[in-house]
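This report is meant for a reader who is meeting the structure for the first time. It goes through a few selected regions, one after another.

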Amino acid sequence: MAKIDLTEEREVEIPAALPVLPIRDIVIFPYMIIPLFVGRDISIKAIDEAMSGNKMVLFVTQKDVNIETPSTEDLFKVGTVGNILRMLKLPDGRFKVLVQGLAKARILNYTQTEPYYIGEIEKIVDQPTPEITVEIEALMRNVRDLMDKSVGLGKSFLPDILVLIENIEEPGRLADLVASNLGLKSDQAQELLEITDPVARLKKIGELLNREVELLTVQQKIQSDVKGEIDKTQREYFLREQMKAIQKELGEIDERTEEILDLSKKVEEAKMPEKVGKEAMKQVHRLEKMHPDSAEAGTIRTYVDWLIEIPWSKSTKDNLDLKKAKKVLDEDHYDLEQVKERILEYLSVRKLKPKMKGPILCFVGPPGVGKTSLGKSIARALGREFFRMSLGGVRDEAEIRGHRRTYVGAMPGRIIQGIKTAGKNNPVFMLDEVDKLGMDFRGDPASALLEVLDPEQNFAFADHYLGVPFDLSGVMFITTANLIDPIPSPLRDRMEIITLSGYTSEEKLGIAKNYLISKQLEEHGITEKNLKMHDSAVLQIISHYTREAGVRNLERQIANLCRKVAKKIAEGKVKDYRISATNLSKHLGVPKFLPEEEMEKDEVGVATGLAWTETGGDIIYIEATIMKGKGHITLTGQLGDVMKESAHAALSYIRSKAKEIGIDNTLFAKNDIHIHVPAGATPKDGPSAGITMATSIASAFTGRPVSKSTAMTGEVTLRGRVLPIGGLKEKTLAAKRMGIHKILIPARNKKDLDDIPKYVKKDMEFILVETMDEVLKKALINPKSKKRR
């Protein structure tokens, strides 16, 4: 803190030019004694120059404290001439100088800028001090009172300064003394320095002092409030401890103790495993020692509540009555014998060995085939709780394993949440849309599922939030997916894949008659007396108004019919409706889909193929025609890469076997061939059209028509071998719908005939072929006209 020279003011002769020393973040006032630390080269050289002469320097404040080497434009014009009383060199190379302010001065111009500043200056003399009037006396007294208030509010001043303030009678000297000790900002202090009127300077310092007192008052209030809160908390703590001691003496229990005892009781009743129980009691004891209002106490209480509410030892007893379980499965779902058989096998093994691990099934199939509802039916058949968790779009690993308790708002993963919601430790747990899991910077949920779905690991599943193992081996996990390919292979390896292919038209008819129609009649408030649907109407809805593997759109169309009938009944019109194939379009409008038309006669260059789609089987006509050209091949009909390759392979095979088939080799060089697969707007791809394309090409070049009553499916190699295909059941149904009763299939697909229902195979002839030669013998008809040239 600055000091003031106590000697009487004396006239000091100021030279016309002096070294200029820039100072930062401080303003020196006349009569002020202050130590300065000098370290810049320009300043040290100015000090050296002064010490070799009259020891006087003009101290000028910088406008910007951040400038290391200020120019003349960066310095204020008004400063204070100071006398260097003492100088000491420090170990770090800097100088400590003790300076006494003498008088204010203004820089007229700079006569030297290197290696230090020398300025031509003029001394600034304050205006004559007026006679002390009542107003000036009041101003001086106000400044002294404000200084006393500052001291009372915690502002510290040297005792000598306070004595001087009481004894100084000159307004200018009083203002300078207060300003030099008030800790003003440099721009405020500079403004005061440049005021030459003592009374005006005193008024200004009074305003600054008044603001300082206001700030100190607010600061003291804030400190008082904080101290009050601390004192209150300490007081409550001591009172609470005293109350505990009193209640202990009286044998009473306070609310906090009662809460801890209640938690301890719940931990015991939860029948946790030994390791989990120890952890729970450890956290309860920690909670007991904490202040109830602390943040960590709330976190621990939530954690203990989770441990208590999880069903560690609560399980459902399985319904092991196989006949009853089969009845339940048959009530809920039509057909799906493979899945039902698998569930009954599981129950049979459970009956023989009660302590077995739950199976992990994966239902794969297109939308609407009943994967999710099948899970509910399985839970009903077993007598277990059911919980469904959708994995579509899940990208965060913590969704599976939970967050660690160090995070704000941490919670267990959705596996543990599902177990808690089910209320039992062995529910049927459905993980829906497992093929739609995502992955980003937060981790890979699919990898986290590996532990959940592995029977060798999930007996000690570690959720990050719980921090203790939970046994998932009793849970029956069922996952669902539309496609098998997006599921990572390690995860796929842990699951038993059960494929649910699309329903056939006959199966959809059975589902509609047994489930959908009755369900929609009930939901729309009408009965079978109001609406009767013939089988022909349902089959026409399936073939002409929907195109899907499942039955969702079929149910929507049935609901559409029910709404229209309900509207007419509500309007008081006829209350008895019969819907058949002939009047269906009046209610549902124009058919949305039209199946391929049956060929009227055997044609040259047109072969009937069979295709598999997500909505079931379908037939495709592959057309081939030849024209004069140079041996080019044209492919149309939005064919995929696989079908294009099949077309090229088929043509290569026919050319290589031209002599055996009866084709003139010169035809290939003189003619172009065009292969087209209607409809052109529908993309097509797949590996099973090879023999159909080869047959179509052979027919076009030989002029022998293809039998319209024969359909075929299979891939062909360049050597003429017929390779196996998939989706034989759906393809067979498509052929039967079109009145085709003879199908050429690869010999290696003989095993798949067992999976086709007997009612589908009835009246159907399956011809097993191993080579393309066999296909052509069975498919091409001997010509009735002259051979094609």
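In what order do the five strands of the open sheet lie? The order is S9-S10-S13-S8-S14, and the pairing is parallel; here helices (H or I, at least four residues) and strands (E, at least two) are DSSP runs, numbered from the N terminus, and two strands pair if DSSP finds at least two bridges between them. Strand S9 (386–390) and strand S14 (496–499) form the edges, each of them pairing on one side only. On average, with direction ignored, neighbouring strands of this sheet are turned by 20° against each other.

The model is predicted, and local features need pLDDT of at least 70, side-chain atom pairs count only at pLDDT 80 or more, while totals for chains, interfaces and linings use all residues. Residues are numbered from 1 along each chain as its sequence is written, and side-chain values use heavy atoms, with hydrogens and water left out.

**Strand pairs**

Strands of a sheet pair through backbone hydrogen bonds, either parallel or antiparallel.

| Strands | Sense | Bridges | Residues opposite each other |
|---|---|---|---|
| S8 (residues 360–364) and S14 | parallel | four | Leu-361 and Glu-496 |
| S2 (residues 17–23) and S4 | parallel | four | Val-20 and Leu-58 |
| S4 and S5 (residues 78–89) | antiparallel | four | Phe-59 and Thr-80 |

Strand S4 (residues 56–61) is largely enclosed by the rest of the structure, because six of its six residues are buried, where buried means under 20% relative accessible area, exposed over 50%, and partly exposed in between (1.4 Å probe, protein chains only). Both of its faces are covered, with Met-56, Leu-58 and Val-60 buried on one side and Val-57, Phe-59 and Thr-61 buried on the other.

Ala-103 has its place in strand S6 (residues 95–112), and it counts as buried because its relative accessibility is 9%.

**Helix H24 and its surroundings**

Helix H24 (residues 690–702) has 13 residues and reaches 18 Å from its first C-alpha to its last, close to the expected 18 Å, a span taken as 1.5 Å times one less than the number of residues. The helix is mostly covered, since 13 of its 13 residues are buried, and just after H24 Gly-703 takes a positive phi of about 80°. Within H24 lies Thr-692, which counts as buried because its relative accessibility is 1%. Leaving aside neighbours within four places in sequence, Thr-692 is in contact with Ala-607, Thr-608, Gly-609, Ile-622 and Met-712.

H24 also packs against helix H27 (residues 772–779) at an angle of about 60°, with the axes 10 Å apart; axes are lines fitted to C-alpha atoms, for helices over the stretch in contact, and angles run from 0 to 180 degrees between N-to-C directions. The two helices H24 and H27 are therefore oblique to each other, given that angles under 35 degrees count as roughly parallel, over 145 as roughly antiparallel, 65 to 115 as roughly perpendicular and the rest as oblique. Ile-691, Ala-694, Thr-695 and Ala-698 of H24 meet Met-772, Val-775, Leu-776 and Ala-779 of H27.

Key
Contact means heavy atoms within 4.5 Å.
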